[in-house]
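Subject: Structure for your review

Hello,

Here is the structure I said I would pass on. My notes on it follow below the model.

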Amino acid sequence: DVPVTVRLTVNDVAQEARVDVRTSLLDYLRENLRLTGTKKGCDHGQCGACTVHVNGRRVNSCLSLVAMHEGDSITTIEGLGTPDRLHPLQAAFVAHDGLQCGYCTSGQIMSAAALLTEPCGRTDADVKEAMSGNICRCGAYSNIVAAIRQVRD
Ligand code: FES
């Protein structure tokens, strides 16, 4: 092990991470901070289940090392909304049945929340392209697109 110390902010709380230099941001969030809303699907950048925001931009946290995030601001699904105060996207996913098993949902919503701040075309195809890094094995795609469009349009 090669220990490193990294100061970063997670969901507006300052953290001092003392981790092995090889620790992924995903494992740090789940194992060290117990923020288990962020999911591990493939662990190699293929599925999007681990999507979080780094300084407002979406990132696959399985592909990123904590050691790279000195001074960064990380937002996870726990920082986006709460059960009592859902983010509009969370409410829209519920309203449109934008999930089945739910395993990909945190990543889908974090990706969609970042998409709202990015240049993106107006059609369903544009939204599908912008969300193409987030895989849903249940195939809830049409409802996911409907939920995103409700919030964005
Ligand atoms: Fe990170 Fe699949 S767990 S992309």
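**Helix α3 and its two partners**

The axes of helix α3 (residues 88-95) and helix α4 (residues 105-115) come within 10 Å and cross at roughly 125°. Axes here are lines fitted to C-alpha atoms, for helices over the stretch in contact, and angles run from 0 to 180 degrees between N-to-C directions. Helices (H or I, at least four residues) and strands (E, at least two) are DSSP runs, numbered from the N terminus. α3 and α4 are therefore oblique to each other; angles under 35 degrees count as roughly parallel, over 145 as roughly antiparallel, 65 to 115 as roughly perpendicular and the rest as oblique.

On the α3 side, the contact is made by Leu89, Gln90 and Phe93, and on the α4 side by Thr105, Ile109, Ala112 and Ala113. Two residues are in contact if their C-beta atoms, placed from the backbone, lie within 7 Å. By class, this contact has five nonpolar, two polar and no charged residues. Ala, Val, Leu, Ile, Met, Phe, Trp, Tyr, Cys and Pro count as nonpolar, Asp, Glu, Lys and Arg as charged, and the others, Gly among them, as polar.

The model is a predicted one, in which local features need pLDDT of at least 70, side-chain atom pairs count only at pLDDT 80 or more, and totals for chains, interfaces and linings use all residues. Residues are numbered from 1 along each chain as its sequence is written.

α3 also meets helix α6 (residues 141-152): their axes come within 8 Å and cross at roughly 135°. α3 and α6 are therefore oblique to each other, and this crossing too is right-handed. Pro88, Leu89, Ala92 and Phe93 in α3 face Ala147, Gln150 and Val151 in α6. That contact has six nonpolar, one polar and no charged residues.

**Chain and domains**

The protein chain has six helices and five strands, in the order β-β-α-β-β-β-α-α-α-α-α along the sequence. Its radius of gyration, taken over C-alpha atoms, is 15 Å, which agrees with the value near 15 Å for a compact globule of 153 residues (the rule is 2.2 Å times the number of residues to the power 0.38). Along the principal axes, the C-alpha atoms fill a box of roughly 45 × 30 × 30 Å.

The domain assignment, automatic or from a database, gives domain 1 (3-80) and domain 2 (88-152). Their C-alpha centres lie 21 Å apart, and 15 residues of domain 1 are in contact with 13 residues of domain 2. On the domain 1 side, β3 (51-54), β4 (57-60) and α2 (77-80) each supply at least two residues. The largest share, three residues, comes from β3.

Regards

Key:
Left-handed = near helix turned anticlockwise from the far one by under 90°.
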